[in-house]
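Please read the points below beside the sequence and the coordinates. They take up the annotated domain, a hairpin, the nonpolar cores and a pocket in turn.

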Amino acid sequence: MNDTTQATTQPMVRLEKINKYFGKLHVMQDIDLEVAPGEVVVIVGASGSGKSTLIRCVNGLEEFQSGRIEVDGNELLPDGKSGKSLQAVRTEVGMVFQQFNLFPHLSVLDNVTLAPRKVRGWSRDKALETAHRLLERVGIEDQADKYPSQLSGGQQQRVALARALAMEPRLMLFDEPTSALDPEMIGEVLDAMRELAKDGMTMMIVTHEMGFAREVADRVIFVHDGQIVEEGPPQEVLDNPRQERTQAFLSRVLKH
């Protein structure tokens with residue numbers, strides 16, 4: 001993605017003055033954010049800072065109390081009043097979670113083909129062709145007939161990625177996709193995400209993998225106590241942070 005594209009194209013995602021509460025806890029405070037088509041935005045911050053809540057609001061998994069969210073021209077309204085826009089957003093937005101959320105009684109192939117057939121109305125042949133192509137893309141086509149319990153954590157997460165991509169989303173959200181994996185499995189999931197970024201997919205990624213953020217992000221956003229404290233190119237935010245809170249956070253995570 002380049003600056004000219006960002007300047008002349010409507011944002012894929014726009015958040016305006018988003019406020020979100022869990023009871024009395026104010027977890028998102030007047031969040032303003034735009035994500036351009038093809039942009040890779042990595043969101044970092046301590047646990048409980050609001051970063052996962054932010055992306056869950058983008059596809060309507062969490063309601064918000066005030067403000068406005070627009071995703072690919074579909075508007076999400078506060079307090080769950082989005083109507084048909086919510087279904088449109090969920091159809092066009094793929095998400096990969098910390099946990100794999102695969103159907104244990106279905107094979108890998110059936111996990112990937114289920115949503116395109118049910119939601120998109122695709123024929124079985126089209127869904128199967130797409131599933132095989134995507135499983136090959138994420139490096140596990142040879143596991144197509146197995147069940148989730150027969151796979152490693154890294155393989156299951158790559159199935160989850162293929163399943164999300166099978167819906168041909170315009171935007172991909174990732175909520176700490178490697179946090180539940182053993183260290184030796186993290187690389188294979190990040191490699192699949194790198195390829196996705198190279199292909200120009202618009203991505204919002206919550207992660208603690210700072211090396212990965214430095215490599216693939218167009219922009220890094222640091223969230224603290226429900227606010228965007230700092231944002232910019234990774235070399236600025238990660239290597240030369242301006243804000244004390246960003247500096248303190250990075251001094252802790254970069255030691256490990």
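1. The unreviewed UniProt entry annotates residues 13–250 as "domain: ABC transporter", an annotation that may be inferred rather than shown by experiment. Over residues 13–250 the chain is 38% helix and 26% strand, with the end C-alpha atoms 27 Å apart; helices (H or I, at least four residues) and strands (E, at least two) are DSSP runs numbered from the N terminus. This is a predicted model, in which local features need pLDDT of at least 70, side-chain atom pairs count only at pLDDT 80 or more, and totals for chains, interfaces and linings use all residues. Residues are numbered from 1 along each chain as its sequence is written, and side-chain values use heavy atoms, with hydrogens and water left out.

2. Strands E1 (residues 13–22) and E2 (residues 25–35) pair in the antiparallel sense over seven bridges (pairing requires at least two DSSP bridges). Tyr-21 has His-26 of E2 as its bridge partner, and in the hairpin, with two residues between the strands, Gly-23 takes a positive phi near 65 degrees.

3. In the largest nonpolar core, which has 50 residues, Leu-161, Met-172, Phe-174 and Met-203 touch the most other members. Helix H7 (residues 183–198) gives the largest share of this core, eight residues. Such a core is a set of buried Ala, Val, Leu, Ile, Met, Phe, Trp, Tyr and Cys residues joined through side-chain atoms within 4.5 Å, where buried means under 20% relative accessible area (1.4 Å probe, protein chains only).

4. The largest share of the lining of the largest pocket, four residues, comes from H4.
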